[in-house]
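Welcome! Let us take a walk through this structure together, one part at a time.

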Amino acid sequence: MKKTIFSSAIACLLCFALPALGQEKTTDNNDQQFYWVAFKDKANTPYTVDAPEVFLSPRAIARRQKLGIPVTTEDFPPNPGYLKGITEAGAKVHHTSRWLNAATIYGESAMLPAIKSLPFVDTIWYAGPYRAKGKASVERDAKMDKLKSKALTGQHYGYGTKQIKAINGDSLHLMGYRGKGVLVAVMDGGFTGVDRSPFFDSLRADNRLLTSMDIVDKDTLVWESSSHGTKVLSTMAANQPEVLVGTAPDATYVCIKTEDTRGEHRIEECHWVAGLEYADSLGADVMNSSLGYTQFDEASMNYTAKDLTGSISVASQAANIAARKGMLVVTSAGNEGSSPWRRIGIPADAAGAFSIGATALNGDLASFSSVGPTADRRIKPDIVAPGAWVTLADAYQYQVTIGSGTSFASPIVAGMVACLREAYPEASVEELLDAIRSSSSQSDLPDVAVGYGMPDFVKAYLALRKQP
């Protein structure tokens, strides 16, 4: 039930966990801990809706304008005066949340009474142990000079042919839509090898791999810690014809590290929120997250099925807001279909998250794919896509590999969502997602195992073209 990085059959990074709100951790005063602090308001803020360039990039502002979404006080960062008060009380701020008006802080537990007494503090809860930035683990000895997988002559998508054809993505590509001009954010636990792998040569050559962000360590070094993000990215961005071509090879990407692979605590969900807001501030059109939360290392943090309402966890709350801001949030449903838990994870329960289950290449539901419904009886997952024994880029050598998990079904879909966004830049998030659902194989009779079924992205494209 713990988060695991699987290297073969069930390859999905899932970080399961969350404690009850308001829970406090008692520790030795010498121990540093993470806490989430929510503020009561944004009174006396120095920010204004007339100057959004202070906290949003030009691209983020343009995305809102294009979709008719106004900048509001919800977009304002927390009051700097409140953050100053927090630090004066003895804490250090790791990152903040604009949308949830909160800060993730760390320090010794002795500081808590002073922070709780601040008049602008609403709630505070323990998020996990603080871990100092570790030594960079970027590996430079990988053998990337020679292709070790035989090219499949005449097959443009190479070993990834079946997984894109299953959702009719190749046909949408033939129509000219390969994600050009669309910014895709990928949140994961690490992206080992992306900075040098030939599978991503075109990204680097065309300057379509933006400066990345490590939310965990607060730096820009994300080519470390895990190869999971590399494999996830490859399903979308790989561009080696006759070997592996992803579902959005012409899109622009930003890699964001939000998972701390050294343990499972609620802090990872706080990192997830910060990563999502960072993606929004850049103006990302699509975000893929092959991550999920139901249980952490500390049993007191665990979710129950009743918590899957789509609005309890901070990650689910942020996913809902991101969708309102015009971002297409695509996330894996989870790999617990064969476990006692069985259900989807967080933030797949969010109404604003497009949650993806997994099938085999022949369309049969993968036994590990998590099922719904949500606690409030909504259909989840939304759709399914190939995720069992699909083709991925190896992070350490210039060759393809295979893996299974909703972790890979999700980005396969996210890449095609980026292509659809390219085709319809002014369609709303809900219009795009409704078109995908309505053109999927079980649109007339969705269920809690496959949702609306297997998508057909050409049908979705045509459904959007018919709209007035």
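Let us begin with a pair of strands. Strands β2 and β3 (residues 102-108) run antiparallel and are joined by 5 bridges. Within this pairing, lysine 92 stands opposite tyrosine 106 in β3. Now look at what lies against the sheet: helix α8 (residues 267-282) packs on it, touching β1 (32-39), β2, β3 and β4. The direction of α8 makes about 55° with that of β2.

Step back to see the whole sheet. It is an open sheet of 4 strands in the order β2-β3-β1-β4, and the pairing is antiparallel. At its edges are β2 (92-97) and β4 (121-129), each of which pairs on one side only. From one strand to the next, the twist averages 25°.

Where pLDDT is low, the predicted coordinates should not be read in detail.

Next comes another open sheet, of 7 strands with parallel pairing, in the order β6-β9-β5-β10-β11-β12-β13. The edge positions belong to β6 (213-214) and β13; each has a single partner strand, so one side of each is left without a neighbour in the sheet. For β6, 2 bridges make a parallel pairing with strand β9 (residues 252-257). Here aspartate 214 has lysine 257 of β9 as its bridge partner. Helix α10 lies across β5 (183-188), β10 (286-289), β11 (328-332), β12 and β13, and runs at about 160° to β11.

Arginine 208 is found in the loop between α6 (201-205) and β6. Is arginine 208 buried or exposed? Its relative accessibility is 10%, so arginine 208 counts as buried. Leaving aside neighbours within four places in sequence, arginine 208 is in contact with Ser202, Leu203, Pro249, Asp250, Ala251, Thr252 and Tyr253.

Lysine 380 counts as buried because its relative accessibility is 2%, where buried means under 20%. What does the side chain of lysine 380 make a polar contact with? Its partner is the side chain of serine 355, at 3.2 Å. A polar atom of the lysine 380 side chain also lies 3.4 Å from the backbone oxygen of alanine 348. Beyond residues up to four places away in sequence, lysine 380 touches several others, including Ile344, Asp349, Val371, Pro373 and Val448.

Our last stop is helix α12 (residues 457-466), where Phe457, Val458, Ala460, Tyr461 and Leu464 are buried. These residues cover an arc of only 160° around the axis, which puts them on the same side of α12. An α-helix has 3.6 residues a turn, so residues three or four places apart point the same way. The buried residues of α12 pack against α5 (169-174), α10 (406-423) and α11 (429-438). Finally, aspartate 456 caps the N-terminal end of α12, with a side-chain oxygen 3.1 Å from the backbone nitrogen of valine 458.

Terms used:
Residues are numbered from 1 along each chain as its sequence is written. This is a predicted model: local features need pLDDT of at least 70, side-chain atom pairs count only at pLDDT 80 or more; totals for chains, interfaces and linings use all residues. Side-chain values use heavy atoms; hydrogens and water are left out. Two strands pair if DSSP finds at least two bridges between them. Axes are lines fitted to C-alpha atoms, for helices over the stretch in contact, and angles run from 0 to 180 degrees between N-to-C directions. Contact means heavy atoms within 4.5 Å. Buried means under 20% relative accessible area, exposed over 50%, partly exposed in between (1.4 Å probe, protein chains only). The arc is that of the directions from the helix axis to the C-beta atoms. A polar contact is a pair of N or O atoms within 3.5 Å; within protein, one must be able to donate a hydrogen and the other to accept it, and residues adjacent in sequence count only if both atoms are side-chain atoms.
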